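Here are some short notes to read alongside the structure. They follow one stretch of the chain from point to point.

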Amino acid sequence: MKKIKCALIGSGNIGTDLIYKIKRSPVLEPVWMVGIDPESEGLARAREMGLKTTADGVDGLLPHVEADEIQIAFDATSAYVHAENSRKLNELGVMMIDLTPAAIGPLCVPPVNLRQHADKLEMNVNMISCAGQATIPVVHAVSRIQGVEYAEIVASLASKSVGPGTRANLDEFTYTTSNAICKVGGARRGKALCIINPAEPPMIMRNTIYCLTDDEPDHVRITESILQMIGEVQKYVPGYRLVNGPIYDGNKVSVFLEVAGLGDYLPKYAGNLDIMTAAATRTAEMFAEEILAGKIQLKAVETV
Amino acid sequence: MSQTSSSLKGRKVILHDMCLRDGMHAKREQISVEQMVKVATALDDAGIPYIQVTHGAGLGGNSLQHGFAMAPNEEYISAVASKMKQAKVSVLLIPGLGTMKELQAAYDAGARSVHVATHCTEADTSPQHIAFARKLGMDTTGFLMMSHLNDAAGIAQQGKLMESYGAHTIYVTDSAGYMLPEDVKARVAALREVLKPETEIGFHGHHNLGMGVANSIAAIEAGASRIDGSVAGLGAGAGNTPLEVFAAVCERMGIETGVDLFKIMDVAEDVIVPMMDHIVRVDRESLTLGFAGVYSTFLLHSKRAAERFGVPARDILVELGRKKMIGGQEDMIQDTAMTMAKERGLLKQVA
């Protein structure tokens, strides 16, 4: 079966883990990896895994886009360079999946709104943050039953799974996630908290979601909706698991989750890495399926 | 009130009161703006140079996770700052919870000093906040929480990072009230060895093992020049180093704090103690915190979870210590209590 060819930009933890996820996909094929350091471990690993590589940034990839039929690119660099990367590739008709907190395109959480983005043929979709991917499905599961006045999420991450980019820019992580809790989760106000825990052995990613409903929450319907949503996420992140709850205190609904990874590149505790790369892969697959079925055709974006 | 001869005679130490920040934990965040102004005015009058004023979890602290205070941080800060004759108002900022936007708002409301706090191994989550505080011209501290979970060499290395981001002062923070004087000395001495001479060192104690005063003196012996405490000990767990007791010890030892001892004794007795919901002291649960090395703020959360799920607070705290939960993970208290309740047949699994 024909596969859609992909480029990975950024050769760090996320980019490397993406190679494994995309290689496993029935509709995607990783062809290029783009880095900026010729000595980087990520580029060496990509070459070993059969990818073409360049250490000249996105500009090193551009001349090959047409000949190698690249249609989808994943950007796992930083918010600061994403806009330029996206503009250059969109001009060549390559669709961008943004794993940085740049969020210039619409925010995407696959079980909540992926279909909508594919239908609109968006050329840049943003994957928010690991905490967003882990918690927004649950916020949405509550808000689709009853109005949510406020949602708050707490993500605990193993210290070893948090790279230097996230550490140096925690505020961007907080702002992007808080905003998405409202825009995608459907809460009227949102807040995201993040804790980095250095325990050894490393703790598996944990997420707690609190929602305040407008009226007395319907325990039966909300519980059912949350369990259904967890099942949806488990389709692409098998280690996504309910640990405790939902538990109700007045209008407060609390849910306690754990996210174990597949252990592709980083060990299983790094569920935060996996849920990002798995959601990005799932998103690319949806677009790829549509392209392969002839339902959509990516078009070059003209820059004004 | 005779002075004993002491090797610390003539040393100058800056006291920093925590009643209106750490004390918020002990009051379940329920201190009114009027009460804050009353306490702060009395402390200012007694010559305390720095007074921390925010939600217990600092900027951005108002949340379901950490509770909602009676007023927004900016309102507390501006009400207090406008009344200060000499004291500077400080705030707490924990990256991941508070942001630079909130720091700007606190500065605009009158805050002039900040503790930028990270877990003792995660200093590299603070560069943007420390740099921003410096840009605002604030007195800036790098605050290494749960310092017992990193050894002296590790603390020195983390402190050096914060100094490189621009911190004026590095704190050894005994959030669990677990450390003993030797532990404190080793960490402060290791910092003193690597930091620039002009970078100050501070110590923030909790009194869970009754060591707040002794640990603070040990810190000064090893080179610290700033000490956090709270008048009457109003703070999380068994409270902070009781500041009036510490001031009395300083006076006996000839350490210069510039504080009027009798005045802060009066504040403790006449203002703070009557405000307490429970007498802040070393009780069974706060002793457990100190003994097991658990974040002091977990105390009241654990008591609430114990009441709700029927698992004793001490069992929950010991389990949290075993799982190495750190400050900010208050959600894991209820989670742990629920898991334990299920194991004990007290709670049914939903799915």
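1. Start with the unit formed by strand β5 (residues 139-145), helix α6 (residues 152-165) and strand β6 (residues 169-173) of chain B: these make a right-handed β-α-β unit. The model is predicted, and chain B averages a pLDDT of 96, with 98% of the residues scoring at least 70. For the complex, the predictor gives an ipTM of 0.92 and a pTM of 0.93.

2. The two strands of this unit run parallel and are joined by four bridges. In this pairing, G142(B) stands opposite I170(B) of β6(B).

3. Strand β5(B) also pairs with strand β4 (residues 113-119) of chain B, in the parallel sense and over seven bridges. Here H115(B) is opposite T141(B) of β5(B). Between β4(B) and β5(B) the chain passes through helix α5 (residues 127-135) of chain B, and this β-α-β crossover is right-handed.

4. Is β5(B) largely enclosed or open? Six of its seven residues are buried, so the strand is largely enclosed by the rest of the structure.

5. Helix α6(B) has 14 residues, which should span 20 Å at 1.5 Å a residue; its end C-alpha atoms are 20 Å apart, so the two values agree. Just after the helix, G166(B) takes a positive phi of about 125 degrees.

6. Which residues of α6(B) are buried? They are I155(B), A156(B), Q158(B), G159(B), M162(B), E163(B) and Y165(B). The buried residues of this helix pack against α5, β5, β6 and α7 (181-194) of chain B. As background, an α-helix has 3.6 residues a turn, so residues three or four places apart point the same way.

Technical notes: Residues are numbered from 1 along each chain as its sequence is written. Chains are lettered from A and ligands numbered from 1 in the order in which they are written. This is a predicted model: local features need pLDDT of at least 70, side-chain atom pairs count only at pLDDT 80 or more; totals for chains, interfaces and linings use all residues. A residue is buried if 20 or more other C-beta atoms lie within 10 Å of its own, exposed if 12 or fewer, and partly exposed in between; C-beta atoms are placed from the backbone. Two strands pair if DSSP finds at least two bridges between them. A crossover is right-handed if, with the strands pointing away from the viewer, the path from the first strand over the helix to the second runs clockwise. pLDDT is the predictor's confidence in each residue, from 0 to 100. The expected span of a helix is 1.5 Å times one less than its number of residues. Two residues are in contact if their C-beta atoms, placed from the backbone, lie within 7 Å.
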